[in-house]
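This report describes one protein structure in plain terms. Please look through the sequence and the model before reading on.

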Amino acid sequence: MASAQEAACELLESVGPRVTAAAVGLREARTVRSWAAGRAPRDQAEAARLRLLHRIALAITGVYGRPEVTTAFLTSASPALEDCAPLEVLADTPPAQAEKRLLGALRAFLAD
């Protein structure tokens with residue numbers, strides 16, 4: 001499992017600061033950049049969201065090889081999530097509950 005710093009660095013490179021911040025439930029990308037610089041997330045929910053986002057990004061990039069596919073998955077309405085975007089579910093749902101829903105949506109997306 002990647003550290004918060006590694007996950008933040010990889011997510012900043014692949015999906016960018018705005019998508020990363022929105023998915024983790026942050027108002028500003030500055031916080032994600034501080035994690036990439038080595039500062040730890042301030043609470044467990046943020047850290048869990050960051051890890052889950054990183055896991056999803058790695059899975060999609062591993063299959064499609066292009067970060068823009070990950071961005072499209074995260075920002076588009078998903079039928080598996082009752083037409084909500086995965087980044088909304090991740091940001092607005094407790095991480096333990098979001099994980100099951102998001103991994104189901106991810107599996108459906110990768111099966112297509």
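A residue is called buried when its relative accessible area is under 20%, exposed when it is over 50%, and partly exposed in between (1.4 Å probe, protein chains only). The model is predicted: local features need pLDDT of at least 70, side-chain atom pairs count only at pLDDT 80 or more, and totals for chains, interfaces and linings use all residues. Residues are numbered from 1 along each chain as its sequence is written, and side-chain values use heavy atoms, with hydrogens and water left out.

## Two exposed loop residues

Helices (H or I, at least four residues) and strands (E, at least two) are DSSP runs, numbered from the N terminus. E82 is found in the loop between α5 and α6. E82 counts as exposed because its relative accessibility is 66%. Its phi is positive, about 55°, although E82 is not a glycine. D83 is also in the loop between α5 and α6. The relative accessibility of D83 is 57%, so D83 counts as exposed. Phi of D83 is near 65°, a positive value in a residue other than glycine.

## Helix α2

The buried residues of α2 are V19, T20, A21, A23 and V24. These buried residues pack against α1, α3, α4, α5 and α6. Contact here means heavy atoms within 4.5 Å.

T20 lies in helix α2 and has a relative accessible area of 0%, so T20 is buried. Leaving aside residues up to four places away in sequence, T20 touches L11, L12, V15, V32, L50 and L53. After α2 comes G25, whose phi is positive, near 90°.

## The nonpolar core

A nonpolar core is a set of buried Ala, Val, Leu, Ile, Met, Phe, Trp, Tyr and Cys residues joined through side-chain atoms within 4.5 Å. Which residues have the most contacts inside the largest nonpolar core? They are I56 and L102, in a core of 32 residues. The elements that give two or more residues to this core are α1 (4-14), α2 (17-24), α3 (30-36), α4, α5, α6 (86-92) and α7. The largest share, six residues, comes from α4. I56 touches F73, L74, L102 and L106, with residues up to four places away in sequence not counted.

A47 is found in helix α4. With a relative accessible area of 12%, A47 is buried. A47 and A7 are 40 residues apart in sequence and 9.8 Å apart in space, C-alpha to C-alpha.

## Aromatic pairs

A pair of aromatic rings is described by the distance of the centres and the angle of the planes. Rings of Phe, Tyr and Trp (its six-membered ring) pair if their centres lie within 6.5 Å; planes under 30 degrees apart count as stacked, over 60 as edge-to-face and the rest as tilted. The structure holds two aromatic pairs, listed here.

| Pair | Centre to centre | Angle between planes | Type |
|---|---|---|---|
| Y64 and F109 | 5.7 Å | 50° | tilted |
| F73 and F109 | 4.9 Å | 50° | tilted |

Y64 is in helix α4 (residues 44-64) and F109 in helix α7 (residues 95-111), so this pair links distant parts of the chain, 45 residues apart. F73 lies in helix α5 (residues 67-75), so the pair of F73 and F109 ties together parts that are 36 residues apart in sequence.

F73, at 5% relative accessibility, counts as buried. Y64, F73 and F109 form one aromatic cluster.

## The largest pocket

On a 1 Å grid over the protein atoms alone, a pocket is an open set of points where a 1.4 Å probe fits, with protein on both sides within 12 Å along at least five of seven lines; lining residues have an atom within 4 Å of a point. Grid points are joined across faces, edges and corners, and a volume is the space filled by probe spheres set on the points.

About 160 Å³ of space lies in the largest pocket. Its lining is made up of A72, F73, S76, A77, S78, P79, A80, A105, A108, F109 and D112. The elements that give two or more residues to this lining are α5 and α7, and the largest share, three residues, comes from α7.

The lining residues divide into eight nonpolar, two polar and one charged. Ala, Val, Leu, Ile, Met, Phe, Trp, Tyr, Cys and Pro count as nonpolar, Asp, Glu, Lys and Arg as charged, and the others, Gly among them, as polar.
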